[in-house]
Amino acid sequence: MELRGASALVTGAGRGIGRAIALALGRAGASVTGVARTAADLESLASEIQRAGGRAASYTGDVRDPAVCAGAIARAREAHGRLQILVNNAGVGAHAPVAETTDDQWQRILDTNLTAVFRLTRAALPQLTQGGGHIFMISSLAGTNPIAGMAAYCVSKAALDHFAACLMLEIRPQGVKVTTLAPGSVDTGFGGESRSGDASWMLRGDDIAAAVLDLLRTRDDALLSRVEMRPLRPARRP
Ligand SMILES: NC(=O)c1ccc[n+]([C@@H]2O[C@H](COP(=O)([O-])OP(=O)(O)OC[C@H]3O[C@@H](n4cnc5c(N)ncnc54)[C@H](OP(=O)(O)O)[C@@H]3O)[C@@H](O)[C@H]2O)c1
């Protein structure tokens, strides 16, 4: 896809992986709409994209709210024209054994990581199918690798993977690509965690962003529907 001038929306663009993807898209000439709950993060992202010569818009809101999903997609069109790239990245997790997982925790994770993706994607499809596009699902290796103490998160990503696979079959004939990108550990503040100890072995947000750009540049008639990404060397356990 020609990235210069392409309208792109990235959820969870305020920090971590989403911010890295949004910046990389902006630097490559795409017109980016960032979505997150923290306005200050989006303002600083937009300034950085604009300093790099790109175009940026923001939409502040919680993707668990159906009106925010519809509003964000509409905002992208209004700011930058027909949406061509949708990056479903916003996600949350929690460490809790099933016996201690509350209804609220379970619902927060499923609503953010799965239901919001469905709603954002459904709202974006009329634009994407008008002339082609590319949807990215930022999943996780946790979608295929079970982790004790993270059932809600693992289930949300497993369901996301299957949702993406069904969607891909549905909309590929209309020229819309769907790629599931499943990283292992990435050095971000995911879930409000501050990484203690040596994080140098982990993937970086920029690694995921570089993969997104590579995938967008594959030949129009070729689709990489699932990509797993791992740190080359596993963590050194003390
Ligand atoms: N870090 C890892 O090791 C890792 C590995 C594999 C996959 N992933 C996946 O990668 C994605 C991004 O993770 P990350 O590590 O970059 O996380 P992060 O550093 O915690 O950033 C998450 C971003 O999502 C936004 N967000 C969270 N909940 C939201 C909501 N309800 N509505 C709108 N925005 C929301 C946050 O902003 P606000 O709080 O301001 O809303 C923030 O900008 C997630 O889907 C995660 O599951 C992460």
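In the predicted model, among contacts of the protein chain between residues at least 6 apart in sequence, 70% join residues at least 24 apart. Taken along the principal axes, the box filled by the C-alpha atoms is roughly 50 × 35 × 35 Å.

Burial and surface were also computed for the protein chain. Of its 238 residues, 49% count as buried. The accessible surface comes to about 11,300 Å², and carbon and sulfur atoms account for 51% of this area. With regard to charge, the chain carries 26 positive and 22 negative charges, the mean positions of which are 4 Å apart.

Thr179 lies in strand E6. Its relative accessibility is 0%, and Thr179 therefore counts as buried, the cut-off being under 20%. When residues up to four places away in sequence are not counted, Thr179 touches His134, Ile135, Phe136 and Met137, together with Leu215, Leu223, Leu224, Ser225 and Val227.

Thr188 is found in the loop between strand E6, which spans residues 176–183, and helix H6, which spans residues 205–216. Although placed in a loop, Thr188 counts as buried because its relative accessibility is 14%, and the cut-off for burial is under 20%. A polar atom of the side chain of Thr188 lies 3.1 Å from the backbone nitrogen of Phe190.

Thr102 is likewise found in a loop, in this case between strand E4 (83–88) and helix H4 (103–128). With a relative accessible area of 40%, Thr102 is partly exposed, since this class lies between the limits of 20% and 50%. The side chain of Thr102 reaches the backbone nitrogen of Gln105 at 3.0 Å. Thr102 and Asn88 are 14 residues apart along the chain, and their C-alpha atoms are separated by 25 Å.

How values were computed: Residues are numbered from 1 along each chain as its sequence is written. This is a predicted model: local features need pLDDT of at least 70, side-chain atom pairs count only at pLDDT 80 or more; totals for chains, interfaces and linings use all residues. Side-chain values use heavy atoms; hydrogens and water are left out. Helices (H or I, at least four residues) and strands (E, at least two) are DSSP runs, numbered from the N terminus. Buried means under 20% relative accessible area, exposed over 50%, partly exposed in between (1.4 Å probe, protein chains only). A polar contact is a pair of N or O atoms within 3.5 Å; within protein, one must be able to donate a hydrogen and the other to accept it, and residues adjacent in sequence count only if both atoms are side-chain atoms. Contact means heavy atoms within 4.5 Å. Accessible areas come from the Shrake-Rupley method with a 1.4 Å probe; for residues, only the protein chains shown count as cover. Lys and Arg count as positive and Asp and Glu as negative; His and the chain ends are not counted. The place of a charge is taken as NZ of Lys, CZ of Arg, CG of Asp or CD of Glu.
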